[in-house]
Amino acid sequence: DESLRVRNSANNRDHLLVRGDGVMVRQSRGGNYARTYEFNYNDGAPGGVQTKNLATVANYGDSTSAVAEVSYVGVYGTANNYIYSGMWICGVRRASNNSAWNQTANETAAGGNQSEASLDIRWSSGVLQAVTVGPWMGWTVNVRITIINGDITVNV
């Protein structure tokens with residue numbers, strides 16, 4: 001895989017990396033060396049509710065936390081005109097002295113035909129998931145995850 005790197009030679013770390021698989025990784029300016037991963041993905045539920053693992057927290061410890069911003073559009077069937085779009089903000093952290101996960105999920109903007117074409121985004125034990133409301137739904141997401149004290153594995 002070819003990649004494009006913009007490196008800071010003073011501290012020997014990437015500030016921007018565009019990987020051959022299309023995932024973009026940016027290094028923060030903060031003291032905890034947060035990294036932001038950004039990618040897009042599209043899929044479709046071929047007849048039943050679909051759960052897709054988008055990304056997984058890796059190399060984590062008791063001070064790992066991450067926030068995912070996911071914007072999406074969902075469409076239902078080709079014979080209808082149903083459409084829904086939204087924006088989710090989902091947080092996750094290691095909790096209880098590195099023995100458990102704690103997470104939040106909030107849809108901050110949404111509109112359209114919810115019962116036919118909406119998408120739920122959530123963290124589940126360190127895995128960011130997209131879940132369709134039902135069958136025959138196509139969807140596209142743009143995902144941006146910022147993590148402190150850990151890494152992200154993109155699953156799609």
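## About the model

The model is predicted, so please read it with these limits: local features need pLDDT of at least 70, side-chain atom pairs count only at pLDDT 80 or more, and totals for chains, interfaces and linings use all residues. Residues are numbered from 1 along each chain as its sequence is written, and side-chain values use heavy atoms, with hydrogens and water left out.

## Overall fold

The protein has 1 helix and 12 strands (DSSP runs numbered from the N terminus: H or I of at least four residues for helices, E of at least two for strands). From the N terminus, the order is β-β-β-β-β-β-β-β-α-β-β-β-β.

Of the 156 residues, 37% are buried (under 20% relative accessible area, with exposed over 50% and partly exposed in between; 1.4 Å probe, protein chains only). Among contacts (heavy atoms within 4.5 Å) between residues at least 6 apart in sequence, 59% join residues at least 24 apart.

Leaving aside residues up to four places away in sequence, Leu128 touches, among others, Leu54, Val70, Cys90, Trp123 and Ile145.

## Two loop residues

Trp136, in the loop between S10 and S11, has a positive phi near 60° without being a glycine. Asn149 also has a positive phi, of about 60°, and is not a glycine; its place is the loop between S11 and S12. Asn149 is partly exposed, at 36% relative accessible area.
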